[in-house]
Amino acid sequence: MRPRFGATLFWAVLLTLALLPFSLSGCAPRENPPEEEPAEDAVLLGFSQLGWESAWRIGNSLDIQAAAERAGVQLMFDNAQQKQENQIKAIRSFIAYQVDVIAFAPIVEQGWDTVLQEAKDAGIPVLLTDRLIVTEDPSLYVGYVGADFLAEGRRAGEFLVEKADREGLTDLKIVELSGTPSSSPMQQRGEAFRECIAGDPRFEIVETMSGDFLRSKGKECMQEMLERHERIDVLFSHNDAMTLGAIEAIEEAGLRPGEDVIIITVDGEQAAIDFLQEGKINCVVECTPMLGDIIMDLAKKLAAGEEIPRVTNPEERAFTEFDEDLMDIPPRGY
Ligand code: GYE
C-alpha cells in the first residue's frame, strides 16, 4: 500500500501541473477536453526538475509533462528551485511513495550517492535526465538520457576555428560565460571547447565567469568583463539565456554583437535563432530540451523490468552564419 500522505502530495502535484499551462501561457483557454484520469495500473514516475532558470528548462518541463499525458504515465513532478537539497527531498518523497521509477535532472555532478543508495535499497530504478552525476558506484543509476555536452563544446570550438580560417582572423581575445559551477554541461562544454582551440596561437581565453545559466547574471558578467578588458573579440556562452543578457550589455557598450564581438552560444531557443538570422549571433549549438517522449518510453521499460541503454543522446547539430538554409530553420518550440 502507498502511504496516505503520498496520495495527498500526488494530488497537490497534479493540481499544480494542471494549472501550470495557464500560468505560463497567460491564461489562454484550453481547447481540448480535460484529460482522462490515468489508468489504475499506470506507471508512476517521480520526476525532480532542478529549477526554472532558462527558457530551455521551461521547455524541458512542459515537454515532460505533455509527454507523460500522451504516454498515460502518472507523473509526480517537483521543481527544486535551483537547490540540490530540494532535489534530495523530492527523491526521498518519491521513495516514500514507492513510485515505479525516479527520474531527475541533477543540478550539480556531486553529492547524490546517499539518496541514490536509498532508492536502490528500495528497489526503485533511477534514470538521470539532462545532466550527469559523478559517482564511484555506477550501479546507482540505470541510465542517462540527455545531450552529449562534450560534442556541444566541440561544435562551438570547431565553429570558431572555421570562422578564423575563413576570415583570416588572428589574435582573438575570448571571454567565456560558463554555466552553473560543477554542473555537467558547464564542465564538459568548457572542457571540449578548450581542447579544440588548445595550442593554437590565434586564440586566447582572457577570462571565464559563471553566469549560472541565468540571463540577468549573463548581462552583469558581460558588463564587468567589458569594463575589465580593453578588447573582447569572441564570447563563448554556455547557454542562450546568458547570451541574451550579454548581448544587451554589448549593445549598451556601443558594440555590435555578431560583428565587433563574435558570439557562440548553446541551446537553440527561438530567441537565439532569431538573433542568428539577424546577424547578432554567429553560431548556435543545439541542445534539445525535448526529452519527454524518450523519458516516458524508458520509464515504461524500466517499470516492466526491461533493460535500457546506459546512454541515450538525442541527435543534435549546430546552426551557424555559414549555413545556406539559415532562414529555413523550423520553429524551435522553446
Ligand atoms: O543548456 C541551460 C539550462 O542542463 C542542458 O541547463 C541543460 C542546461 C541548458 O539552464 O539553458
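Helices (H or I, at least four residues) and strands (E, at least two) are taken here as DSSP runs, numbered from the N terminus. The model is a predicted one, in which local features need pLDDT of at least 70 and side-chain atom pairs count only at pLDDT 80 or more, while totals for chains, interfaces and linings use all residues. Residues are numbered from 1 along each chain as its sequence is written, and side-chain values use heavy atoms, with hydrogens and water left out.

The protein chain has ten helices and twelve strands. Of its 334 residues, 52% count as buried, where buried means under 20% relative accessible area, exposed over 50% and partly exposed in between, with a 1.4 Å probe and protein chains only. If contact is taken as heavy atoms within 4.5 Å, residues 24 or more positions apart account for 73% of the contacts in the protein chain with a separation of 6 or more.

Six strands form an open sheet with mixed pairing, in the order 7-6-8-9-10-12, and two strands are said to pair if DSSP finds at least two bridges between them. Its edge strands are strand 7 (203-210) and strand 12, each of which pairs on one side only. Helix 5 (residues 149-167) lies across strand 6 (172-178), strand 7, strand 8 (234-237), strand 9, strand 10 and strand 12, and runs at about 160 degrees to strand 9; axes are lines fitted to C-alpha atoms, for helices over the stretch in contact, and angles run from 0 to 180 degrees between N-to-C directions.

| Strand pair | Sense | Bridges |
|---|---|---|
| Strand 9 (residues 262-267) and strand 10 | parallel | four bridges |
| Strand 10 and strand 12 (residues 318-320) | antiparallel | three bridges |

Between strand 9 and strand 10 the chain passes through helix 9 (residues 270-278), and this β-α-β crossover is right-handed, a term used if, with the strands pointing away from the viewer, the path from the first strand over the helix to the second runs clockwise. Within strand 10, Cys283 is the bridge partner of Ile264, and Cys283 also stands opposite Thr320 in strand 12, whereas Glu286 stands opposite Asp267.

In a regular strand the side chains alternate between the two faces of the sheet. In strand 10 (residues 283-286), Cys283 and Val285 point one way and Val284 and Glu286 the other way, and all are buried.

Thr312 is buried because its relative accessible area is 17%, and, not counting residues up to four places away in sequence, Thr312 touches Tyr144, Val145, Gly146, Ile294 and Leu298.
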